[in-house]
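Q: Please walk me through this model feature by feature, with the general idea before the case at hand.

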Amino acid sequence: MRTAGRRIDEVLAGYRPDDPAEAADVTRVRDLARGAEDPWLRSLPLHVTASALITHPGSGRVLMRRHPRMNTWLQVGGHGDPGETDPLDVALREAREETGLRDLTPCPDASLVQVVIVPVPAGGGEPAHEHADLRYVLATAEPDTVRPERPDAPLRWMTPAEARGATGEENVREALRRVERLLVTAAG
């Protein structure tokens with residue numbers, strides 16, 4: 001059983017989707033959160049994950065991770081561990097594990113930046129499935145302390161434009177556009 005924390009339905013309560021496709025994804029995630037005993041279970045064909053785009057506001061850069069299985073540059077994040085219920089806590093833990101950054105904080109606050117359902121191809125002993133990914137923006141003041149969790153998953157600081165060009169995923173390009181707007185607003 002999972003422990004108390006901000007539940008998925010609470011996190012989604014005030015979230016405003018940007019377009020009809022995202023609205024449909026939010027509806028599916030809400031239905032999953034209401035209908036599944038544990039929406040984080042990896043055995044479900046659609047299960048919740050949480051991720052983050054890490055920024056260094058001082059330079060306007062974002063940190064991207066080369067995902068070995070997907071073979072493209074993505075944000076950091078992943079699956080909840082037993083006992084976790086709060087998507088932001090999952091995103092923070094995963095980001096710390098995958099980057100070694102210890103000073104990560106929500107930026108500009110703890111609000112979601114994107115909700116997207118992404119298909120995941122079969123591989124690594126898992127059948128094809130979908131991730132209901134809840135995405136955040138995190139910031140670090142110590143970008144030079146970054147270290148990859150694994151040698152086959154390198155990390156690279158990029159401008160948002162460079163990151164959009166490096167990823168093969170349109171949903172990540174959209175997340176990067178949203179992050180870029182946040183960075184411009186924070187700088188202005």
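A: Let's start with a pocket, meaning an open set of points on a 1 Å grid over the protein atoms alone, where a 1.4 Å probe fits and protein lies on both sides within 12 Å along at least five of seven lines; lining residues have an atom within 4 Å of a point. By class, the largest pocket here is lined by nine nonpolar, 13 polar and 13 charged residues. Nonpolar covers Ala, Val, Leu, Ile, Met, Phe, Trp, Tyr, Cys and Pro; charged covers Asp, Glu, Lys and Arg; the others, Gly among them, are polar. Please keep in mind that this is a predicted model: local features need pLDDT of at least 70 and side-chain atom pairs pLDDT 80 or more, while totals for chains, interfaces and linings use all residues. Residues are numbered from 1 along each chain as its sequence is written, and side-chain values use heavy atoms, with hydrogens and water left out.

Q: What is the volume of the largest pocket, and which residues lie nearest its centre?
A: A volume is the space filled by probe spheres set on the points, which are joined across faces, edges and corners. Here that comes to about 790 Å³. Of the 35 lining residues, His67, Gly77, Gly78, His79 and His131 lie nearest the centre.

Q: Which helices and strands each supply at least two residues of that lining?
A: Helices (H or I, at least four residues) and strands (E, at least two) are DSSP runs, numbered from the N terminus. The contributing strands are S1 (46-56), S2 (61-67), S4 (76-79), S6 (114-120) and S7 (129-139), joined by helices H3 (87-99) and H5 (170-187).

Q: Is Ile8 buried or exposed?
A: Buried means under 20% relative accessible area, exposed over 50%, and partly exposed in between (1.4 Å probe, protein chains only). Ile8, in helix H1 (residues 8-13), is buried because its relative accessibility is 5%. Contact means heavy atoms within 4.5 Å. Beyond four places in sequence, Ile8 contacts Val29, Ala33, Pro39, Trp40, Val48, Thr85, Pro87 and Leu134. For another example, His56 in strand S1 is buried at 15%.

Q: Which residues of the largest nonpolar core touch the most other members?
A: In soluble globular proteins, nonpolar side chains tend to be buried together. A nonpolar core is a set of buried Ala, Val, Leu, Ile, Met, Phe, Trp, Tyr and Cys residues joined through side-chain atoms within 4.5 Å. In the largest one, of 33 residues, those with the most contacts to other members are Ile8, Val29, Ile54, Leu112, Val115, Leu134 and Leu138. Two or more of its residues come from each of H1, helix H2 (20-35), S1, H3, S6, S7 and strand S8 (155-158). Another core lies apart, with 16 residues, including Val113 and Val179.

Q: How many salt bridges does the structure hold?
A: Side chains of opposite charge can pair when their charged atoms come close. The cut-off puts a side-chain nitrogen of Lys or Arg within 4 Å of a carboxyl oxygen of Asp or Glu. The structure has 21 such bridges. In one of them, Arg177 meets Glu174 at 3.1 Å, N to O. These two are about one helical turn apart because they sit three residues from each other in helix H5. Arg177 is partly exposed at 29%, whereas Glu174 is buried at 19%. Elsewhere, Asp152 pairs with Arg150 at 2.9 Å.
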